[in-house]
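Dear colleague,

Please find the structure below, handed over for your use.

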Amino acid sequence: MEILDELEQIRRDGLSALQSVTDEPALEAWRVAHLGRSAPVMQVFSRMGQAAKEQRPIIGQAANQVKLALEAALAETAQVVKEAALQRSLQAERLDVSLPGRRPVQGRLHIETQTLREMYRVFGEMGFQVYRSPDVESDDNNFTALNIPAHHPARDMWDTFYTANPSVLLRTHTSPGQIRAMRQFAPDPIRVALPGMCYRYEQAGARKDIQFMQVELLAVGYNITFGDLKGTLRDFAQRMFGERLRTRLRPSYFPFTEPSAEMDVECVICHGKGCGVCKGSGWLEIMGCGMVHPVVLQNGGYDPSRFTGFAAGMGPGRIAMLRHAIEDIRSLYTNDIRFLEQF
Ligand code: DAH
């Protein structure tokens, strides 16, 4: 029977075409061509009606065997193709589990906060506790109680932001916190560090801004001398800037201290030789300080005949600038990630 030869040919053609199938798309194309509705073996089934009645079971059986053979070959090749695809993807998408992972993007503390915390640590070891006081202050605490009466020319040292109520203002320094701390703790001896934002209505530039952080230091007790002030502040400066830098106190004037001084550290850049950063002087100013004025002690609730104390005021921003050679104070507030990432 001719048709049996044809079926044998269909089987051989199918199996040989399957030899060149190596991937999923080719396999699917082969399935459609050789086992799909219009595949040759399927056409044999549909042509069966034309054959003689007694030949039909023979043709049907033979066609069925070809179909089963092709299906079995398809299943076998599908397995091979699948395995090959897996091997290829293992090769191509190789994972080196020993490679270091990607570092997660992680924030950090601002350099001024880091500096501030280091200052707290140093002062904390010396027995000072952090005491917070408000940014919005009374004229009385900011000036009058600090021995700066109304209309006194010393008020010109600060360019003040007043609110609509002239007796309420944005503190120009952290010194009013001294009054608050003293009034809370008098007559007990105290050692406090008073941090916070201060505000001055002045021209901003590379060295100063209208808003800045300050830390005030206050110690009140018995037998506190200028020697205690000097030793405490020098120790602080050495812990912040390193043992090798010299410090000096220069006489100065503040209404709330008597005597008053300013502390300089040896220029961190040129070590005293004189350079652009220290404007040739070899020294950099880091704080104002002095012995608490008797009037201020009195206003805080301490008897100035029994108590003495010292105070100081300094900027962590400025200290950070000196320690890290930051040139423009405005970098601290512009939040440029390229700047912040360095610390
Ligand atoms: N309050 C001063 C200022 O902002 C700084 C200062 C100087 C604070 C001397 C003090 C001090 O406690 O004793 O300019």
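**The ligand and its surroundings**

Ala-312 has a backbone N or O atom 3.3 Å from an oxygen atom of the ligand, a polar contact being a pair of N or O atoms within 3.5 Å (within protein, one must be able to donate a hydrogen and the other to accept it, and residues adjacent in sequence count only if both atoms are side-chain atoms). A polar backbone atom of Ala-311 is 3.2 Å from an oxygen atom of the ligand. The side chain of Gln-178 also places an N or O atom 3.2 Å from a ligand oxygen. On its own the ligand has 350 Å² of accessible area, of which the protein covers 94%; such areas come from the Shrake-Rupley method with a 1.4 Å probe, and for residues only the protein chains shown count as cover.

This is a predicted model, in which local features need pLDDT of at least 70 and side-chain atom pairs count only at pLDDT 80 or more, while totals for chains, interfaces and linings use all residues. Residues are numbered from 1 along each chain as its sequence is written, and side-chain values use heavy atoms, with hydrogens and water left out.

There are 16 residues around the ligand, and His-173, Ser-175, Arg-200, Gln-214 and Glu-216 come nearest; a residue is near a molecule if one of its heavy atoms lies within 4 Å of it. By type, the shell comprises six nonpolar, eight polar and two charged residues. Here Ala, Val, Leu, Ile, Met, Phe, Trp, Tyr, Cys and Pro count as nonpolar, Asp, Glu, Lys and Arg as charged, and the others, Gly among them, as polar.

**Domains and backbone**

The protein chain is divided into domain 1 (2-92) and domain 2 (111-340), with bounds from an automatic or database domain assignment. Their C-alpha centres lie 92 Å apart.

Two cis peptide bonds may be noted. The bond from Ala-186 to Pro-187 is cis, with omega near 5 degrees, and Pro-187 is placed in the loop between α7 (176-185) and β4 (190-199). The bond from Glu-258 to Pro-259 is cis as well, with omega near -5 degrees; Pro-259 belongs to strand β7 (residues 257-266). Helices (H or I, at least four residues) and strands (E, at least two) are DSSP runs, numbered from the N terminus.

Although Asn-223 is not a glycine, its phi is positive, at about 60 degrees. Asn-223 is found in the loop between β5 and α8 (226-241).

Yours sincerely
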